[in-house]
Amino acid sequence: MAEGVGKYFSLIALSVLLLVMLFPLYMVTINSFKTEEGYLATGPFRLSTNLTLDTLKTTWKSTDYTTKFLNSMAISLTTALLAVGLSLFSAFALGIGKVKGKVLFLVFFLIAVMLPSESLVYPMYYFFKLVKLYDTRTSVVLFTAAFHASFGTYLLASAFSAFPRELIESAVIDGCSKLNLLFRVVVPISMPTLSVLFVFFFIWTWNDLFTPLIFLISNAKQTVPLAMALARAEHNVTITLQSSAALLGILPCIIFFILFQRTLTKGITAGSIK
Amino acid sequence: VFLLPGVLWFLALIVAPFLVNIAVSFTKWQGVGTPIWTGLANYQKALGDSTFWTSFRNNLSLIVAMTIIPTIIGLFLAAFLFDYISKKFGAGVTSFFRAGFYVPQVIPIVVTAIAWRWILQPDWGAVNTLLRAVGLGSLAHNWLGDPATAMPSIMTMMVWFQIGYPLVIFMAALQRVDPELHEAAALDGASWLQSFAYVTIHLIRPEIYVVILTTMIHALKVFPPVWLMTRGGPGTATYVASYFSFRNFFEISNVGYGATIATILTVIIVLITIVYIRVQIQQQREEGPYG
């Protein structure tokens, strides 16, 4: 009997902890659907009976969410694709081909991943201004992809060194060219790892605030998180509007998280223990 | 040949700016005109600059909030979920909780910051409302506006944000641990806590190292939470190294000095990275490649 009580007690304790963890999310969600009057009547924590979609619509229009969303999509997709591609080529050379100083390369890539962006950002800012790439989405893609590709190379190269050698050797004996080897043998087999990388790069780029903050100045080119961060600074923004802006910012990530929950969990683990 | 695009990219966008940044750190430069070589002057200035020390002390506080506390909580929570909940309630309930605790890591930091500003808001924020409701209204105050509580508030937010990461990694690590070892320990009369301390922690040591080192680096690099919550304020109470260098770069056009701060931060991070690499190499030697 005591066993049973303890069992449910622990479950309840855990649930309470989880509720505390999810509280900010709850707040953002409920306030997004309140009208201005409803908010004033109920305060930030209680549900209002007066629910509306207008707040969300207003926010959508005033932040030009469609544009921001498309910007974020375009930047995140190209960055993720580019970074996966670059990592694939480099890791193919390092993990499967025989390159001298392989370990040294990997150490360099790993250090690059760890570098604080502050130590690179000013020269890049200056350089992009010089070559007229400042304030273009391309600048964000180029810069972010370099970082992600370093991480991807590091991770993929160690995954590739565990690649079954017999497969490669038999392919080479069959007269398979290197390019064919990469795309016909290596890519199909390592598809799971590549997709984990892709999902990660996508989410990281999507959530990144620092790079767009520095490189994108015009309103029409900004990403969803940046637009939200800057919207807060404007004075006429009410709590309900802020709230719905936040909800619009979360939604893509939550959807992504639910879709790729398994891949992500696998990936977090793969990233830490190579 | 296949290495070429990656390496060129790497040289152009990481190595080159990195070296330029180090060069700039030895100069006085406003971002326009010609930089003036000043040798180590910026470094000397940093050592005597109280804001510089405040920034790095706050980074230390963030290491407490993002490395030490989450690692400890994560360990206990992971062991509890793994040893107790999954046995009593099954894998579904367990992974539900795991996913729930991981949610803060997936939410964009901008949203996190907005929500936490409401929680800490002085007039109607959750914390103050709660304090008033239980009769401790005298403790209610402007959490982010008071230099004494601004940094602890950000630290609390970062603990909340960070918990999921060690939890997920430790739970994956526990799956590797042979249950027979725990049974053997139990037969020898070890309590759950003893078997946790001696068996579990010992066996998942590699993951613990990884979590500690990577989160330390994250804590040193923190920028968005501070920029979003307080912009370093009130005064300089919540300055961190990255924000301090950002401010020098883009707000007060003190580019040379900003580069100096960034370089010092980089040196610290690279040192930790080297430790990290050494630990990984050592583990591979000891236990062979796995995972």
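Chain A contains 14 helices and zero strands, where helices (H or I, at least four residues) and strands (E, at least two) are DSSP runs numbered from the N terminus. The model is predicted, so local features need pLDDT of at least 70 and side-chain atom pairs count only at pLDDT 80 or more, while totals for chains, interfaces and linings use all residues. Residues are numbered from 1 along each chain as its sequence is written, chains are lettered from A and ligands numbered from 1 in the order in which they are written, and side-chain values use heavy atoms, with hydrogens and water left out.

Of the 274 residues of chain A, 53% are buried (under 20% relative accessible area; exposed is over 50% and partly exposed in between, with a 1.4 Å probe and protein chains only). Among contacts (heavy atoms within 4.5 Å) in chain A between residues at least 6 apart in sequence, 73% join residues at least 24 apart.

Two packed helices are described by the angle between their axes and the distance between the axes. Within chain A, helix H4 (residues 65-96) and helix H7 (residues 137-161) pack at about 35 degrees with axes 6 Å apart; axes are lines fitted to C-alpha atoms, for helices over the stretch in contact, and angles run from 0 to 180 degrees between N-to-C directions. This contact has 16 nonpolar, eleven polar and one charged residues (Ala, Val, Leu, Ile, Met, Phe, Trp, Tyr, Cys and Pro count as nonpolar, Asp, Glu, Lys and Arg as charged, and the others, Gly among them, as polar).

Helix H7 of chain A also meets chain B. The axes of H7(A) and helix H1 (residues 3-24) of chain B come within 9 Å and cross at roughly 115 degrees. By class, the contact of H7(A) with H1(B) has nine nonpolar, one polar and no charged residues. On the H7(A) side are A:Leu142, A:Phe143, A:Ala145, A:Ala146, A:Phe147 and A:Ser150, which meet B:Trp9, B:Phe10, B:Leu13 and B:Ile14 of H1(B).

In chain B, helix H10 (residues 192-203) has twelve residues and reaches 15 Å from its first C-alpha to its last, close to the expected 16 Å (1.5 Å times one less than the number of residues). B:Ser195, B:Phe196, B:Val199 and B:Thr200 of H10(B) are buried. They lie on the same side of H10(B) because they cover an arc of only 120 degrees around the axis, taken from the directions from the helix axis to the C-beta atoms. The buried residues of H10(B) pack against helices H3 (50-89), H8 (164-174) and H9 (179-187) of chain B. The face turned away from the buried side of H10(B) carries the exposed residues B:Leu193 and B:Tyr198.
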